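Visitor: Hi, I have a protein chain open here and I'd like to walk through it slowly. Could you help me with that?

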Amino acid sequence: MNVLESLHWRYATKRFDPEKIISVDKIAILKEAFNLTATSYGLQPIKLLLIKDKSLQEKLVKHTMNQQQVAQASHVLVFCIQTNINEIYVTEYFDRVHTLRQTPKTILKPYQDFLIKDFSSRTYEDIKDWATKQAYLAMGNLLTVCALEKIDTCPMEGFEPEAYNKILHLTESGLEAVLVMPIGYRAADDKFANFKKVRKTVAESTWEL
């Protein structure tokens with residue numbers, strides 16, 4: 001399918017077929033696509049946790065507004081943010097730039113110094129808000145990639161981040177859960193699969209100057 005056909009095909013899946021599991025090859029595509037997501041400054045303040053442990057998925061249901069898709073799905077993706085964006089983190093990024101592009105450190109240093117100063121002046125909440133926006137970019141990217149790969153999805157904001165952080169031991173790794181997305185294959189009896197999309201017309205949602 002082309003991109004538009006794929007986007008018409010996708011919907012927020014309400015029931016997954018628990019017997020259908022996403023292949024290792026397709027999971028590898030999603031990991032790579034996540035890693036290729038555009039982020040502010042290229043800093044990638046996000047990490048993706050892929051859960052396929054069914055007992056763990058069941059445990060998370062009550063912390064996700066009892067949405068059964070979390071238990072039914074082949075995998076559950078948890079989009080996490082890193083909030084320790086400090087001098088060490090920024091320096092590691094520029095070390096990667098130097099290694100991969102062979103850019104002289106003397107050229108990189110002014111921009112590196114700027115980012116270190118910028119993030120050192122931000123509050124924890126400012127950094128969290130900035131990083132969360134990058135997680136939304138990543139989810140949007142994976143929604144499209146999943147549609148192209150004929151993988152069903154259900155993006156979720158309705159969950160308890162603190163419970164996820166505790167159960168998945170995220171806090172001790174400097175991470176916080178901000179978004180959840182069960183993925184898999186739609187159940188044959190999910191009536192929502194055949195509902196017409198409710199959208200504004202293109203003319204109402206876009207314009208040109």
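Visitor: How many helices and strands does the protein chain have?
Guide: This is a predicted model, and in it the protein chain has 9 helices and 4 strands.

Visitor: Okay, and in what order do the elements run from the N terminus on?
Guide: Starting at the N terminus, the order of the elements is α-α-β-α-α-β-α-α-α-β-α-β-α.

Visitor: Let's look at some helices. How do the axes of α5 and α6 cross?
Guide: Helix α5 covers residues 87–101 and helix α6 covers residues 105–120, and their axes come within 10 Å and cross at roughly 155°. Angles over 145 degrees count as roughly antiparallel, so α5 is roughly antiparallel to α6. The crossing of these two helices, α5 and α6, is right-handed.

Visitor: Which residues make that contact?
Guide: On the α5 side they are Glu87, Val90, Thr91, Phe94, Asp95, Val97 and His98, while α6 brings Lys105, Leu108, Tyr111, Gln112, Leu115, Ile116 and Phe119. By class, the residues of the contact between α5 and α6 are 8 nonpolar, 3 polar and 3 charged.

Visitor: And what about α2 and α7, where do their axes cross?
Guide: Helix α2 (residues 24–35) and helix α7 (residues 124–148) have axes that come within 9 Å and cross at roughly 145°, and this crossing of α2 and α7 is right-handed. Ile29, Leu30, Ala33 and Phe34 of α2 meet Ala138, Asn141, Leu142, Val145 and Cys146 of α7.

Visitor: How do the residues of that contact divide by class?
Guide: The contact of α2 with α7 has 8 nonpolar residues and 1 polar residue, with no charged ones.

Visitor: Switching topic, what volume does the largest pocket have?
Guide: The largest pocket has a volume of about 180 Å³. It is lined by 13 residues, of which Tyr11, Phe192, Phe195, Lys196 and Lys197 are the closest to its centre.

Visitor: What is the lining like by class?
Guide: The lining of the largest pocket consists of 7 nonpolar, 1 polar and 5 charged residues.

Conventions:
Residues are numbered from 1 along each chain as its sequence is written. This is a predicted model: local features need pLDDT of at least 70, side-chain atom pairs count only at pLDDT 80 or more; totals for chains, interfaces and linings use all residues. Side-chain values use heavy atoms; hydrogens and water are left out. On a 1 Å grid over the protein atoms alone, a cavity is a set of points where a 1.4 Å probe fits but cannot get out, and a pocket is an open set with protein on both sides within 12 Å along at least five of seven lines; lining residues have an atom within 4 Å of a point. Grid points are joined across faces, edges and corners, and a volume is the space filled by probe spheres set on the points. Ala, Val, Leu, Ile, Met, Phe, Trp, Tyr, Cys and Pro count as nonpolar, Asp, Glu, Lys and Arg as charged, and the others, Gly among them, as polar. Axes are lines fitted to C-alpha atoms, for helices over the stretch in contact, and angles run from 0 to 180 degrees between N-to-C directions. Angles under 35 degrees count as roughly parallel, over 145 as roughly antiparallel, 65 to 115 as roughly perpendicular and the rest as oblique. A crossing is left-handed if the near helix is turned anticlockwise from the far one by less than a right angle, and right-handed if clockwise. Contact means heavy atoms within 4.5 Å.
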